[in-house]
Amino acid sequence: MLCTGLVAIEATILATAVPSIVADIGGFAQFPWLFSIYLLAQAVSVPVYAKLADTVGRKPIMLVGIGAFLVGSILAGFAWDMTSLIVFRAIQGLGAGAVLPVSITITGDIYSVRERARVQGYIASVWAASSVIGPSLGGLFAEFLSWRWIFFVNIPLSLIAAWMLIRNYHETVERKKHRIDVAGAAVLTVGLTLLILAVLEGGQAWAWNSWQSIGAFGIAALLIVVFVLIERRAAEPILPLWVFSRRLIVTTSLISLGVGAVLIGLTSYVPTFLEVSAGATPIVSGLAVAALTLGWPISASQSGRLYLRVGFRNTAFLGLGITVLGAAGLVAATFVPNPVTTALACFVVGLGLGLVASPTLIAAQSSVPWSERGVVTGANMFLRSMGSAVGVAIFGAVANGVIADSGLGAHSADAIRAASAAVFIGVVIAAVATIAGAVAMPRAHVDDIEHRPAEAAEVVEPTTAA
């Protein structure tokens, strides 16, 4: 929970301080890269860290991630211009790429499938708390101290998290000689970097039909083909191709893709919708989004009771149905903009996603042994990041198109209301499309898929589990 808190707070603390940062070091035109580069570095590094966690163990990879995050935070706090700050944010993202998936993998190692829903609920509660604490801290630091403390506050948090991990988490990993798939890791990283870069910047920094966009997509596709050829011959592939041959893992990863798209649609557009259309303050609009992350842990912590009774597939169906209802409520709320009704709709969406994200991830983790769990978790987390990246591009194009057609401009309340309604309809479509992944999930109960290897590669002391 402490390690997850590092990433969770960083995801929300920066936004409220952007005006102060720009006023101090300039670079207004570049500031969106503060978010894009972090997401990019985090997403492309997840598969590499996930495989290494299965190879050398969870603990060293987690400590490497915390170390990179700490170094990036210190450097960012001393940034002298926007370009240097963007580079240091990339280092932070590389650290976050290890912390988030490996922390979830460790949870899968320590707890049984019956305990995991409750524990995943605790992890989800960290995100809920961070959605409120992060923006508040960011605003306080920017107003009363300096925006640099947004990064310096990570120093004690990182040290405490690392110390707790060293002190309380013990693992035994089978020591043997490994052949690291350097070629596969390099090709995958470059290919995914170009792909996510093309998705994030298409329609923003350059046109979709420009040579930059076509070139980035084309080279990314070529490198992914080369990566598949490398993985077929690698002794220990960085992303084993068997991941794409197992129905449960493929379907749960596709569901994670949809979850990422739904999340980014709400967190990116609800604040702007409320501030422009309803005249809400940034704090009020932020609390409306926080309602989503409050509903999530409530349902996630209780999802175990459901999937133990009706199975993972039916639990995901129920969650997606609730998500669709909540998203439809957001569409309805655009007719009479109001922070309360919008927050209620976000809360309902959060309840639904809690019944989707945690159970499907637990199902995938439970179906494989220790030596494969990191790769499976990494694939799930990577697809969620890709869902967010693709969602940003699609929803952004939709919103910009609606505003342009209105002829009223981006500062018009009517134009923003219409654009927000179009985005929220897109969120409904994404949630409905995600149901296809649930339809394709195997009909299996917990006892049918739970993997119980006799030679567990990790032993955790009873006090640690407690």
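How many salt bridges does a search of the whole structure find? The search finds one. A salt bridge here is a side-chain nitrogen of Lys or Arg within 4 Å of a carboxyl oxygen of Asp or Glu.

This is a predicted model, in which local features need pLDDT of at least 70, side-chain atom pairs count only at pLDDT 80 or more, and totals for chains, interfaces and linings use all residues. Residues are numbered from 1 along each chain as its sequence is written, and side-chain values use heavy atoms, with hydrogens and water left out.

**View 1**
The protein chain has 19 helices and zero strands. Helices (H or I, at least four residues) and strands (E, at least two) are DSSP runs, numbered from the N terminus. Of the 466 residues, 54% are buried. Buried means under 20% relative accessible area, exposed means over 50%, and partly exposed lies in between (1.4 Å probe, protein chains only). The chain exposes about 19400 Å², and carbon and sulfur atoms supply 69% of that area. Accessible areas come from the Shrake-Rupley method with a 1.4 Å probe; for residues, only the protein chains shown count as cover. Take the contacts between residues at least 6 apart in sequence: 84% of them join residues at least 24 apart. Contact means heavy atoms within 4.5 Å.

**View 1. D414 and R417 form the salt bridge.**
Their side chains meet at 2.8 Å, N to O. Both residues belong to helix α17. They sit three residues apart there, so about one helical turn separates them. D414 is partly exposed, at 46% relative accessibility. R417 is also partly exposed, with 24%.

**View 2. W149 and F152 pair edge-to-face.**
The structure holds five aromatic pairs. In this one, the centres are 5.7 Å apart and the planes stand at 85 degrees. Rings of Phe, Tyr and Trp (its six-membered ring) pair if their centres lie within 6.5 Å; planes under 30 degrees apart count as stacked, over 60 as edge-to-face and the rest as tilted. W149 and F152 are three residues apart in helix α7 (residues 149-152), so they are separated by about one helical turn. W149 is partly exposed at 43%, whereas F152 is buried at 15%. Ring pairs also bring in F78, which joins W149 and F152 in a cluster.

Helix α8 (residues 154-168) gives the largest share, three residues. I160 is found in α8. Its relative accessibility of 44% makes I160 partly exposed.

**View 3. The largest nonpolar core has 51 residues.**
L266, V270, W296 and F424 touch the most other members of this core. A nonpolar core is a set of buried Ala, Val, Leu, Ile, Met, Phe, Trp, Tyr and Cys residues joined through side-chain atoms within 4.5 Å. Elements giving two or more residues include α6 (113-144), α12 (282-310) and α17 (413-440). The most come from α11, with twelve residues. Beyond residues up to four places away in sequence, V270 touches A288, V289, L330, T342, C346 and F424. A second, separate core holds 50 residues, including M82, L85, I104 and L223.

**View 4. Helix α15 is largely enclosed.**
Ten of its ten residues are buried, so the rest of the structure largely encloses α15. Among them are P359, L361, I362 and Q365.

**View 5. Q92 is buried in helix α5.**
Helix α5 spans residues 82-110 and contains Q92. The relative accessibility of Q92 is 0%. Leaving aside neighbours within four places in sequence, Q92 is in contact with E10, Y38, F69, G72, S73, F151 and N154.

**View 6. F382 and V46 meet across the sequence.**
They are 336 residues apart in sequence and 6.3 Å apart in space, C-alpha to C-alpha. F382 lies in helix α16 and is buried at 13%. Apart from neighbours within four places in sequence, F382 is in contact with A43, V46, P47, L192 and I196.
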